[in-house]
Amino acid sequence: MAVSAARGLNIFFDVDNTIITWDVKLRPGVHEVFRQLRTDGHTIYLWSGMGPRWEVVKRFELHEHITDCFWKPLTDHHARMEELGIPVWPDYVIDDHAEIIEAFTGLHVPEPKLPLERDREMWRVYDEIQRFVAGLG
Ligand SMILES: [Mg+2]
């Protein structure tokens, strides 16, 4: 599926160890970066191998940013999109598991570092998305 810079991207974020820590703390910058991505015209989704994570959306008050939540395919990624009821194609994915990045286009992030307040990974995600969009021409 061709990606055009003329429209925003469908950006899919993993949940565990990507936007939250193993002990369910929100990664620094999630609100700020999600807001900026939406301002830039992108659409943000969450997906997880544990299912649609509305409890995370609710807990951290992310409703205004998140268009939908889905199950994430853990195997046969492309083939299982329809079966999992995912109606849009991920133009860009962010995940702590490299396998997903190999199946789609996107960015691998390490799990949040401690001390958490020093973790700057979300801003790196934003910069990389900017770079990706610029490269689409
Ligand atoms: Mg994860």
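**Close-ups of a predicted model**

**View 1. Helix α5 (residues 121–136) lies across β1, β4 and β5.** Its direction is about 160 degrees to that of β4. Contact here means heavy atoms within 4.5 Å. Axes are lines fitted to C-alpha atoms, over the stretch in contact for helices, and angles run from 0 to 180 degrees between N-to-C directions. Helices (H or I, at least four residues) and strands (E, at least two) are DSSP runs, numbered from the N terminus. Another helix, α1, lies across β1, β2 (43–48) and β3, at about 135 degrees to β2.

A quick word on the model: it is predicted, local features need pLDDT of at least 70, side-chain atom pairs count only at pLDDT 80 or more, and totals for chains, interfaces and linings use all residues. Residues are numbered from 1 along each chain as its sequence is written, and side-chain values use heavy atoms, with hydrogens and water left out.

**View 2. Five strands form an open sheet in the order β3-β2-β1-β4-β5, with parallel pairing.** β3 (66–71) and β5 stand at the edges with a single partner strand each, so one side of each has no neighbour in the sheet. From one strand to the next, the twist averages 20 degrees. Two strands pair if DSSP finds at least two bridges between them.

**View 3. Here's β4 with its partners, β1 and β5.** β1 and β4 pair in the parallel sense over three bridges. F13 stands opposite I94 in β4, and I11 has Y92 as its bridge partner. Over on β5 (residues 106–108), there are again three bridges to β4 in the parallel sense, with V93 opposite G106. Both faces of β4 are covered: Y92 and I94 are buried on one side, V93 and D95 on the other. Buried means under 20% relative accessible area, exposed over 50%, and partly exposed in between (1.4 Å probe, protein chains only).

**View 4. The magnesium ion is held by D14 (OD), D16 (O) and D96 (OD), at 2.1 to 2.2 Å.** Donors are N, O and S atoms within 2.8 Å of the metal (3.2 Å for Na, K and Ca); water is not among the atoms, so sites may look incomplete. Along the chain, the donors follow the spacing D-x1-D-x79-D. D16 sits in the loop between β1 (10–13) and α1 (30–39), and D96 in the loop between β4 (92–95) and α4 (98–103), so this pair ties together parts 80 residues apart in sequence. D16 is partly exposed, at 25% relative accessible area, while D96 is buried, at 17%.
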